[in-house]
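Dear colleague,

I am handing over the structure that follows, together with some notes on what was found in it. Please read the notes with the coordinates open beside you.

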Amino acid sequence: MLRLLGPVELVVDQRSLDLGGPRQRVVLTMLGLNANRVVPVDQLIDAVWNSSPPSTAKGQIQICISALRKVFTDAGLPEAIRTRPPGYILEIPDDALDSTRFAALVARAREESDAGSGEIAAATLRSALALWRGSALSGVASDLVQRAAVPLDDQRLAAVEERIRLDLLLGRHEEICGELRTLVDDNPLRERLHGFLMLALYRAGRQADALEVGRAARTVLIEEIGIEPGQELQDLEQAILNRSPSLNAPPARQKAPAGQAAPPAAEAPATIPRQLPASITDFTGRDDLIEVLRAGLATESEEERYAVPIMAISGKGGVGKSSIAVRVAHEVADRFPDGQLYADLRAQSPDDRTGKLLARFLRSLGVPGTAVPDDVGEREELFRSKVSGKRLLLVLDDVTNENQVLPLLPGSASCAVITTSRARLSGLPGAQWVDVDVFDVDQSADLLARIIGQERVNAEPEAAVELITFCGGLPLALRIAGARLASRPHLRIDGLVRRLRDEARRLDEFEHHGLELRSNIGLTYKGLAPDAQRLFQLFSLIRAPEFPAWTAAALLDMDIYDAEDILESLVDAQLVDTVEYADATATRYRFHDLIQVYAREKLTESATQEERTEALARLLGAWLSLAEEAHRREYGGDYTIMHGDAPRWADATWSNMGLTANPIDWMDSERRSLVAAVRQAANAGMDELCWDLALTSVTLFESKGYFDDWLECARTAETVARVAGNDVGVAAMRYSLGTLHMFQTRLQEAAQCFGEALEGFRAAGHEHGQALVLRNDAHVDGLRGDIGSMLIKYGAALVTMRASGDRIGEAHILRSLAKHHLEEGDTTTARGLLDDAVRITREVNCLRAEAQVEHRVAELHVVTGQIDQARKSLHRVLQIVRDTGDRIGETYALYSLGVVRHKEGRLDNAETTLVHALDLSRKMGERLIEAKTLYSLGQIALARGGGAAGTTHLERARQLFEDLGSALWQAKTLLALSEASETGDDALVAVLRAAELLTPLTSKESAQLLAEVEMTRAALSSSV
């Protein structure tokens, strides 16, 4: 098993294998995080070296892969790691990866909880949490890996909280008090944990202790982030004070009264119908569903003894509904000794078919043909009379709608009914619905092996997996592919796979001796209304893994509410699947791969290339319109952004649907779709739309630290813009890439990109673009110590920003100039600049920019000795960045708050806050803040007398500052190291190096630091 939930390990027979050096551990971890998906070599390089990889990086990655393959060979898995352009793939079963097992157990617990089985759900969560052995991915030194650990650790804590919630519902408050104490100590800012502990203590009869926890929670929240506890925690505290009955533990659940004994079996009729078709011999993979169906047909509770049990099985065509229904009917046949009736209702009109079916059923039950009434209503009455009191099972296969079923329902609860249909038969009163999904990989592999033999699968495992992928878990597709292979023992699996790779003829390959996938899907498609058929076709244009409902409106060019109704008809027909995420506010949708192929075929048949292009332009124009609106709401207007003239598509009702009410959250939920839209615009040659959407999406990428997506979108858009000769688009993407490099503190690359962007904007006469570039290029100059160039660029950018009406761009520059004046000791000028910047951000109502300016105000307070005011400003910043989901901003604010607490002499609080900042900076890839935080932690350690720990922090900080090219901070760190050095020679070397770094710098701060360095050098020289 590959273990990621703790220190990374590969365990075989309870023995942990030697994974080799740090680089091999990083590579294996990246492959494990993306198990059964291709990991590009470039991504592995980024993970191993973080930045500035050596020229031999690809070769070294190959060496790591070779070594890991030997490890897996020793583990009995010689083919686990495969080469798949553009990288490598780790093929590993889900149950051999602890993170996947954990996710599956948590999902199962959620289902158990929803079903009212709280005790079982709690036990399942305990099993899931037992897989954890510490922090996720610990011991792997890679910024990229550590960022990936964040969601895993969050999932663990969420599972812990859910398990505790269930324990409280089950009355286990006494048992979990101690555990909750530890969890609260480890996670002091999680209000929910405080609330759980308060409730557990109160139910244990410890009201005073519960209230003390509430007071402690308030103190921590105010000290750490400057906010009062949320309303939920406040209400709980008030309820505890008042001893509210609502807080009492729920009563133990009572068992449902035993059902009455089933009536004795009716006397067997002279004619007992046995109409079930034969069950297939290679039936597999549906144990859970069969158990649900068997249980549903066996219920005899008090509430159900007058109702006919109806099990309504639904699922898309080819998913195996009929096979399941027939198998279950055979398994429960002994419960229905009076017979089993079966009817296939496929493609039958209910009006034409009902009377004939009733006549057939009556004859099967012993009614002579001459005694069958002519009137359909009389046949219904006679049928119900004949089956009354009998124990009979009725199987109605491939039902189109409820009207086909209702006349055929028995009236006696001793009978039972199984239906299968593609759409849910929600109009059947009292029916228990059972939805059938596609097979997972393991189930698919099992079915394929049953059809063609395990030996053939083992002989070509890679091809077998690709074949299973093409089938998409659809049993009918697997059966057709398997039947073709079984009928031709000489045909290799890889031969069939090669044919399936051609999407244009893929559905042609899924046909064999009367089994045909295309006609199966077509049967459902033909039953759609014309507008639903058109939407079904147009959805095939979408290349995102899933999509929101509003895409239907853009594709159909109609009102969103009408489009959603049409979309739901596709869901009802099982042609489009719904996707629901736990934290999502709206349902999303997706196609099964093979159904999407069919949809593309129908679109090609019915729409011209021009019509397809127009629909795609509306779809991508809608993405751009919404992303643009999200940016506008985040920044208070079209500030710090430039746009092209690509056409937009928008619906008048969008503003009332809350699509961009919380812009960053909305963009985050649509991140994969936005990236896919950029790719699709590039593939379609829509260069103007492509670069505009890529640049607008930076609003999300910057805030959340999605640097990989940022890089991909910018490079993709730049390429298509160059091919199209779109000079403004090229310049915009060079500006975007420069900004990305700036955030990653890759200053040389940033400066190069900004230079090329500035040249492009000047050639195009794009003044606002020039201002945006100059603003960021000036920041790079400042980091490199070139103050003169920085001031010139800020001055030019400020003039153009004001002329262009970019108020937030203006506020950014004022904030940056204020920093310069603070470093020069000119607090009066700095204060005036910041007052103007604060006023602008509040007039525009841009919280993101307000937080950035307020952060600089806090620095002003620190310089002027107003520490209390600095702390208040930083608390305000933290509140804003956390409310808006700006994790990069949170990293900076936590660092500054730690520095303030250090200045206050509160070393414990300072260290706690700085450790939080260090952890977050590493996860977000903020290397400058990581270095500064290490510097501060080193200073605190030295102040406490911890020379070794302080030196370790400072040396790591020095290395980072050197990598980042920050001469001033590198000199600061060297000076601190000289003070911590145990020998005078080492101290002198550090001071000399600091002087060398500071000499070329021209700022007042660097001059003051150089003077301090010279004094230290003189003192050391005299002592040496």
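Predicted model: local features only at pLDDT ≥ 70, side-chain atom pairs only at ≥ 80, totals over all residues.

Residues are numbered from 1 along each chain as its sequence is written, and side-chain values use heavy atoms, with hydrogens and water left out.

A salt bridge is a side-chain nitrogen of Lys or Arg within 4 Å of a carboxyl oxygen of Asp or Glu; as to charge, Lys and Arg count as positive and Asp and Glu as negative, and His and the chain ends are not counted. Glu926 is found in the loop between α42 (907-924) and α43 (927-943), where helices (H or I, at least four residues) and strands (E, at least two) are DSSP runs numbered from the N terminus. Leaving aside residues up to four places away in sequence, Glu926 touches Phe707, Phe743, Ile888, Thr891, Tyr892 and Ser921, contact being heavy atoms within 4.5 Å.

By the salt-bridge rule given above, the count comes to 76 salt bridges. One of them joins Glu112 to Arg108, with the closest N and O atoms 3.4 Å apart; the two residues are 4 apart in helix α4 (residues 98-114), and so are separated by about one helical turn. Glu112 is buried, with a relative accessible area of 15%, whereas Arg108 is partly exposed at 44%.

A salt bridge also links Lys602 and Glu605 (3.1 Å, N to O), and these residues, 3 apart in helix α26 (residues 593-606), are likewise separated by about one helical turn. Lys602 is buried at 17% relative accessible area, while Glu605, at 60%, counts as exposed. Elsewhere, salt bridges that share partners join Glu628, Glu629, Arg632, Arg633, Asp638, Arg648 and Asp692 into one network.

In the pair formed by Asp508 and Arg518, the closest N and O atoms are 2.8 Å apart.

Turning to the sheets, β4, β6 and β5 form an open sheet of 3 strands in the order β4-β6-β5, with antiparallel pairing; two strands pair if DSSP finds at least two bridges between them. β4 (38-40) and β5 (81-84) stand at the edges with a single partner strand each, so one side of each is left without a neighbour in the sheet. The twist averages 35 degrees from one strand to the next, angles running from 0 to 180 degrees between N-to-C directions of axes that are lines fitted to C-alpha atoms, for helices over the stretch in contact. Between β4 and strand β6 (residues 87-90) there are 3 bridges, and Val39 stands opposite Tyr88 in β6. Helix α1 (residues 22-33) packs on this sheet, touching β4, β5 and β6, and its direction makes about 65 degrees with that of β6.

Another open sheet of 3 strands has the order β1-β2-β3, again with antiparallel pairing. Its edges are β1 (2-3) and β3 (15-16), each with a single partner strand, so one side of each lacks a neighbour in the sheet. Strand β2 (residues 9-12) is joined to β3 by 2 bridges, and Val12 stands opposite Arg15 in β3.

Finally, helix α35 (residues 767-784) has 13 of its 18 residues buried, so it is largely enclosed by the rest of the structure. α35 is followed by Gly785, whose phi is positive, near 90 degrees.

With best regards

Notes. Buried < 20%, exposed > 50% of the residue type's maximum accessible area, 1.4 Å probe, protein only.
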